[in-house]
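Subject: Structure for you to look over

Dear colleague,

I am passing on the structure we spoke about, and below it I have set out what came up when I went through it. Please keep it open beside this message as you read.

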Amino acid sequence: MSSGLQRALGVCYYPEHWPEEIWARDAARMVSAGITWVRIGEFAWSRMEPEPGRFTFDWLDRAIDVLASAGLRIVLGTPTCTPPRWMLDRFPDMLAVDAMGRVRKFGSRRHYCFSHAGYRAASAAIADVLGQRYGQDPRIHAWQLDNEYGCHDTVLSYSEAARHAFQDWLATRYDTIDALNTAWGNVFWSMEYDSFAQVDLPNLTVTEPNPSHALAFRRFSSDQVVAYHTAQVEALRAHTDAPLIHNYMGRVLDFDHFEVGRSIEIASWDSYPIGFLSDRLEATPAHKSHYLQQGDPDMQAFHHDLYRAVGRDGRWWVMEQQPGPVNWAPYNPAPLPGMVRLWTWEAFAHGAEVVSYFRWRQAPFAQEQMHSGLLRPDDAPAPGLAEAEKVAAELRSMPEVCVQQAQVALVFDYASEWAWATLPQGAGFRYFALMLDAYRALRKRGLSIDILPSTTSDVTGYKLVLAPGVATLPESLKRALGQTTAIVGPRCNAVTEELTIPTPMGPDLPDLDVTVTRVESLPPGVERSVPGIGAVQHWTETLEGSAQVTLRDADGAAVMVSNGALSYLGGWPDSALWDHLIADAAARCGIDTQPLPDGLRCRDTKTHRFYFNYAATPCAFDGLSLPAAGVAWARR
Amino acid sequence: MSSGLQRALGVCYYPEHWPEEIWARDAARMVSAGITWVRIGEFAWSRMEPEPGRFTFDWLDRAIDVLASAGLRIVLGTPTCTPPRWMLDRFPDMLAVDAMGRVRKFGSRRHYCFSHAGYRAASAAIADVLGQRYGQDPRIHAWQLDNEYGCHDTVLSYSEAARHAFQDWLATRYDTIDALNTAWGNVFWSMEYDSFAQVDLPNLTVTEPNPSHALAFRRFSSDQVVAYHTAQVEALRAHTDAPLIHNYMGRVLDFDHFEVGRSIEIASWDSYPIGFLSDRLEATPAHKSHYLQQGDPDMQAFHHDLYRAVGRDGRWWVMEQQPGPVNWAPYNPAPLPGMVRLWTWEAFAHGAEVVSYFRWRQAPFAQEQMHSGLLRPDDAPAPGLAEAEKVAAELRSMPEVCVQQAQVALVFDYASEWAWATLPQGAGFRYFALMLDAYRALRKRGLSIDILPSTTSDVTGYKLVLAPGVATLPESLKRALGQTTAIVGPRCNAVTEELTIPTPMGPDLPDLDVTVTRVESLPPGVERSVPGIGAVQHWTETLEGSAQVTLRDADGAAVMVSNGALSYLGGWPDSALWDHLIADAAARCGIDTQPLPDGLRCRDTKTHRFYFNYAATPCAFDGLSLPAAGVAWARR
Amino acid sequence: MSSGLQRALGVCYYPEHWPEEIWARDAARMVSAGITWVRIGEFAWSRMEPEPGRFTFDWLDRAIDVLASAGLRIVLGTPTCTPPRWMLDRFPDMLAVDAMGRVRKFGSRRHYCFSHAGYRAASAAIADVLGQRYGQDPRIHAWQLDNEYGCHDTVLSYSEAARHAFQDWLATRYDTIDALNTAWGNVFWSMEYDSFAQVDLPNLTVTEPNPSHALAFRRFSSDQVVAYHTAQVEALRAHTDAPLIHNYMGRVLDFDHFEVGRSIEIASWDSYPIGFLSDRLEATPAHKSHYLQQGDPDMQAFHHDLYRAVGRDGRWWVMEQQPGPVNWAPYNPAPLPGMVRLWTWEAFAHGAEVVSYFRWRQAPFAQEQMHSGLLRPDDAPAPGLAEAEKVAAELRSMPEVCVQQAQVALVFDYASEWAWATLPQGAGFRYFALMLDAYRALRKRGLSIDILPSTTSDVTGYKLVLAPGVATLPESLKRALGQTTAIVGPRCNAVTEELTIPTPMGPDLPDLDVTVTRVESLPPGVERSVPGIGAVQHWTETLEGSAQVTLRDADGAAVMVSNGALSYLGGWPDSALWDHLIADAAARCGIDTQPLPDGLRCRDTKTHRFYFNYAATPCAFDGLSLPAAGVAWARR
Ligand SMILES: [Zn+2]
Ligand SMILES: [Zn+2]
Ligand SMILES: [Zn+2]
């Protein structure tokens, strides 16, 4: 987890969108802008194989030749997120089905069900064909598999293929139907099954399905993504030693990225700060206005740290970086001048090897015609290009800096997202929002953070570990948390892996006598005050046991209990309480913190401290003076 | 309508959820807590009949034995709201279909269409089997039929079974298709039918269906519930003399509870004050915050009074009483300390024979795993248990008190809910909300209320009767209203039973010359002031005729007209206007009223006045001092 | 475009709803109220043809006789928006399918798919039968075809009939599938088709479909309405010389009204000011409360001016005028006293030949039983009748006045509505809302306006032309705009007819060097200030080029650029900025304007200026004093 900063720029390019005459000029302009990497091919199946079995790689050969000749390193994508129209003639039942039972039709992308065996084989086959042709080609420096698994809500499919595969998955997991009935508590409401073949998908039930049923379907669905992915990995591995990459999408949490990442070298993600702020963040309108042209100041960093954990040996990229306004969010303003540079440097500071802009030139047609690129549709430079060029210039003068292990770690667990989405208990309870709140609180105190999967069994080296919302704490993690200062909770180890309540009830922590005996969810605007400090909102727990109470609410009820370095937190803090918790815990374990000015964020590498001003106004701090959207760095 | 207060506590218990070893200890603990009644069996079909025709009652025999031996009286439920999975193999078409045309699948509960003849027969058959086995068993003191008819929006089904049954129902009701065409005014938009077989269910029409068509489907759907219910009643009646009970759900109004209640002895309902406040009440966020941990102060009492009217001879229970946080509302906070006791005493004060808590122990699995019981999943007492025990102790020292007829009555009519849901005319018009407003206004003046069905033909004994929103006033009720002081309206007798406008236009009251010549619905925030008194909101009518105007709005338009003791109210009052109306009418007919402090409510029995403090702060009144969530009583 | 004011009143009448005995009295009362025209028949198919091929026109003959004998001029409607139930036996697949794939069933009206060839032929056939019977009947002075095409969202149908017709339409438009693939940019995401038969309708795709695909479906759907309409036109033309009319519905924009209007003599529309305010206007709650009982002060006038443009030689009517509360809006208050008269006079001032009230008597049954008429269901006069009578009396004393060409014109283009609905880019972007904002700004300065289709090629005679939001500017219009003072933009000429971005990028105006190089959509509450003047909201563009900047925002960025009389506006103005733009442009081109008091509007005819007070309070202006809902006129 301490790779050097490679810090190269890349770009996504679609030669199939442009006349072949301009490819060479495009390539030259990329190089002159300081771009090193170019991703191609991931949506071009209809041009690679216009009819079943008839391959037309000549254009791709020429594109590779032009790009590589210009000095660019190529990432070649498998085009499996865009099966051509003829694929539906082969597999009329390959389409996913939504939770309302409607077939999700051809006409955009990701029109396939992960469980469809025929399409899975066809995906492996095109990967195999590509691997055969380009696997040993030295110009292909890396491979991308598919594109943004799960984007557009595509993990959960209610197709016949999924139903059969789910039944098989259940049979493997539970062996006997009695075991399943027992594990799920199907005696409740007489939901007992006589055979796996009777188990339907958990959609369209009269009222909510058994949460165990729903969570099993979530786990199954994640496994189907992994299996689908693995088929392509295996096909390519047979032909190439180049690193394999997938580009995850921000806050797409319906499958386990750690599991997908296990079989490939590099994690990457697609970072659209302004789109995400508008489209997929819980935040007040005031917060959204404040950061309208900058993006949320913690959303990108969170994902950077997450994918550093997902990538093998910490290797990760930003595969798609927003370069200007996008088209897909409810509102699509332009970045403040400087933000494209800021986002890029922030990624590098978090250890990105490559930041690759999406995309070279805005295509004037089809779904993303309003999504900007580094060039405008009329070939003129868009504002993002100059910022990318500036970063390229700065990179040349920047010494190699290295990721170093952070002092603080945060546990992130996909299954917890699925568990709490299945059983929220309060309309305000979203695991991701809780995580981002915790992460934000750490960052507002100037801390750098490592994200850890819940499979972690060793946290030595971290002074402080936070583990909010982990539905089921693995024993190994539970033990590891005793190695350092840790804050566990709220809603931690509250359920079994089957999404039932364990006995004894959680959190069942070693050496901390506390039991969550009751939970309450609270509507917006209602909070439980922690006098002089802050308040608990959304979620609050009744804590019993002999552990020392280290925080109380206005009624004297325990909000946090502790034994030495281990604390259990029994509620969802507001920002003031989070700040207190972080400041206090950091002080206890010897971490220096200081509150940062509004919108300022830091990131420490082995040699430097980077500063990022997400505010739309200038900011002075640590003797530095940053303009709006400013970036600064200093040797530590 | 003047049965004695039996005032016993009960609990819902699921022996099938727990190891047989702990049944006896559970029973002993119930008894020691002061519990008399235990309800079992209503969700256990898959354990009673694991395969079609193979009955396994041994466990149930043993459970009954254990519970009865401990001294508990048993209510045995028919398990028909949870048909086992194998039932679908017998009747693949038994599932209900929602208004969007989607089959409502197996995997939770209530997965049946009330119109499916096969499933109806199967339900009667299991009731018959249970009746044969336990009908003469002296340990079974009462029977519950099915569970919460209509919960989860299950009354209206758009299945093929429903379509055929609806056509038959129409043929019976109208005899000829011409009669139907005329009754519904199908000449409008050329909607005339040539045969009953052409009449489809009124969903998925291009724009709204004929309201007469929609209301007929509502009436039919209610009748199907009654017929389904009756089949079970008949099956059990053949074998037992124990009282039959159904547990209605709060604010589930899609079928006529009076009709269902006609064939059984005891009405009961499931009272979840905090869940209902969050889930199914029109109220401002401020009101919902104010009563967040108490529930709305009038919602429970309203239902208590309603089910006293539904039960034969006024016999009614609370079959399920919320004992702590539930799982199914948008937000699920815990009751304030004292509220479980308050709710229990309030039910007794309104005449409940039994208040039965749902449930004994929180099951750690399946859909309701987060729904509390008197015991926690780990077998420790939950906070509700001590409150139940306190009530049990108090009950022993309380003399028998008796329900007495109230001075004030309120007419409640299910068909009016259906009529106005079909034809709201204003997005704010909900019959139930109007009723609860009227009921609340009476209660805030300290009054006790009886609820009367619209089939009432004698109101002597009541000093004041309110009849707001009765879509069609039966002649008998119309005449009865002349017997006392009455306020009729708004929107009363405005339509025929076919949901057409009568000529002469309503309200057509005896000896009150008033015609509603025009109606208006108003958006939130718009009101018509009644100077110095209050305002009309949501709904306002233009009144014409020679009757004396007894209230005018700021423009001088009539808001209420009267002749002697009979008044017609032409708008939906805000709370100030309601209070004026009630105070004034009470004064006129010699009823003492006084405004109660915020959150305080009273209830008079023959011998006592009970006080309930729904506020989260202490309250002093009538020389009494009540803590938050306090209960008091005094001899009258 | 300068027909004389015919100014007659009409009414919609349904003899089939009423006993034949009262027809004569109804007719006499109409005449005595001053009504000249009566529309009949448009929903009566089941009475004209109760079984396939069995026609029963005797009742209609008698109704025509009674009405005509009383002196009324008859508009006879084809009943094709209400096919009888038996039609479904002939064409079970004639029903439309909604975007979610659900068949839209019989039981209300408009239950047909415009693409169904069988039903289209059946519609022409009934028109033919009617034409044969009544085409030469001198009592039938005009014909209405169908009723409110597109009402209830009926233009876009996803049926099999539509799918096949769409494929044929595409084949005609593009000739080869390669041409389609190229035009749509289907290479993006490998969406290329091999044949037209592979092209599905653009609903239920995984994420949004190709905008070119979606827009093509919109154009196709509009063409299907036109073709359906044309079939009826041709059937009637063979038999009659009486003028043909269609009654368009307010803000139903899914088909091109200009195209439908091309083949018939008279445009008419159905004007429900209060219903529209509640139901289909973007406006703040404050605005909606302010005009609750009056309707928006510009919505009617906009449509009047629109349909004057749609009608041949400027001939247009109001076919249905709201006479009191309606039933179909979320809230349905009554008009302020005087508003029915005001609306009527406003229509005449804009050039209406006839204003026809919907409807004579409120039918006490079926869907519109709560929709008022001039008479109540009990036959008594409703308040609207007296206002109609007042207008009739005033008309007699009013000299003939004439429409004159306005000084200002506004371009309205249906395809732009479809384009921006397909590709809004910001959740706040609705073409119609932008148009109404522009229109309102002109009106608040006292201006009268002509609306022009985008096919206009000559604007001489207009001093000022506004063209906001025209997706694709036809060359002829582009050239015409150079003939006068014009403000083009925002979002003008931004896309091709295929909904792709042109190169060079728009607006590509003659003699104005400006390119929109970037666009941004802004959330509510965010705006870009134009200091001292107003602000840009919702939508803002980055303008580049050498054109003179004539407005700048607070950052100095260009908001408007101009060359001589031609300006391009790069954002969506708020009301203050609109007012400045209009005042300034008017001054530049020699048009007198003055800001009108709140709620007051004017309209100039050749000889008079009319004043309409939409406020609920009196108003003084130009030496006139108008009560609330007052109308005044003065010779110019
Ligand atoms: Zn992407
Ligand atoms: Zn229940
Ligand atoms: Zn109409």
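In chain B, B:Arg39 and B:Glu42 form a salt bridge in which the closest N and O atoms are 2.6 Å apart; please bear in mind here and throughout that this is a predicted model.

B:Thr78 itself is found in the loop between strand E3 (73–77) and helix H4 (86–90) of chain B, and at 0% relative accessibility it counts as buried.

A search of the whole structure finds 136 salt bridges over all chains, and a few others deserve a description. One of them pairs C:Arg376 with B:Glu544, with the closest N and O atoms 3.2 Å apart. This pair crosses between chains, running from the loop between strand E8 (354–357) and helix H14 (383–397) of chain C, where C:Arg376 lies, to strand E16 (residues 534–544) of chain B, which holds B:Glu544. C:Arg376 counts as buried at 9% relative accessibility, whereas B:Glu544 is partly exposed, with a relative accessible area of 39%.

Another salt bridge stays within chain C and joins C:Glu498 to C:Arg173, the closest N and O atoms being 3.3 Å apart. Because C:Glu498 lies in the loop between strand E12 (485–488) and strand E13 (507–509) of chain C while C:Arg173 lies in helix H6 of chain C, the pair ties together parts that are 325 residues apart in sequence. C:Glu498 has a relative accessible area of 19% and is buried, the cut-off being under 20%, while C:Arg173, at 33%, counts as partly exposed. In chain A, salt bridges that share partners join A:Asp296, A:Asp298, A:Glu346, A:Arg440, A:Arg443 and A:Arg601 into one network.

Next, the zinc sites. Which residues coordinate the zinc ion (ligand 3)? They are C:Glu148 and C:Glu320, each through OE, at 2.3 to 2.4 Å. C:Glu148 sits in the loop between strand E4 (140–144) and helix H6 (160–174) of chain C and C:Glu320 in strand E7 (residues 316–321) of chain C, so the two tie together parts that are 172 residues apart in sequence. C:Glu148 is buried, with a relative accessible area of 2%, and C:Glu320 is buried as well, with 3%.

The zinc ion (ligand 2) is coordinated by B:Glu148 (OE) and B:Glu320 (OE) at 2.3 Å, and both B:Glu148 and B:Glu320 are buried.

As for how the chains are arranged, chain C can be laid on chain A with an RMSD of 0.0 Å by a turn of 120 degrees and a shift of 0.0 Å along the axis. The two copies are therefore related as by a three-fold rotation axis.

Finally, chain C contains an open sheet of seven strands with mixed pairing, in the order E10-E9-E11-E12-E19-E18-E17. Its edge strands are strand E10 (449–453) and strand E17 (548–552) of chain C, each of which pairs on one side only, and the twist averages 20 degrees from one strand to the next. Within this sheet, strand E18 (residues 558–563) and strand E19 (residues 566–569) of chain C pair in the antiparallel sense over four bridges, with C:Met560 standing opposite C:Leu569 in E19(C). Helix H12 (residues 299–310) of chain C lies across strand E9 (408–412) and E10 of chain C, and runs at about 50 degrees to E10(C).

Conventions:
Residues numbered from 1 in each chain as written. Chains lettered and ligands numbered in written order. Predicted model: local features only at pLDDT ≥ 70, side-chain atom pairs only at ≥ 80, totals over all residues. Heavy atoms only, no water. Donors = N, O, S within 2.8 Å, 3.2 Å for Na, K, Ca; no water. Buried < 20%, exposed > 50% of the residue type's maximum accessible area, 1.4 Å probe, protein only. Least-squares fit on C-alpha atoms with pLDDT ≥ 70 in both. Salt bridge = Lys/Arg side-chain N within 4 Å of Asp/Glu carboxyl O. Pairing = 2+ DSSP bridges. Axes fitted to C-alpha atoms, helices over the stretch in contact; angles between N-to-C directions. Contact = heavy atoms within 4.5 Å.
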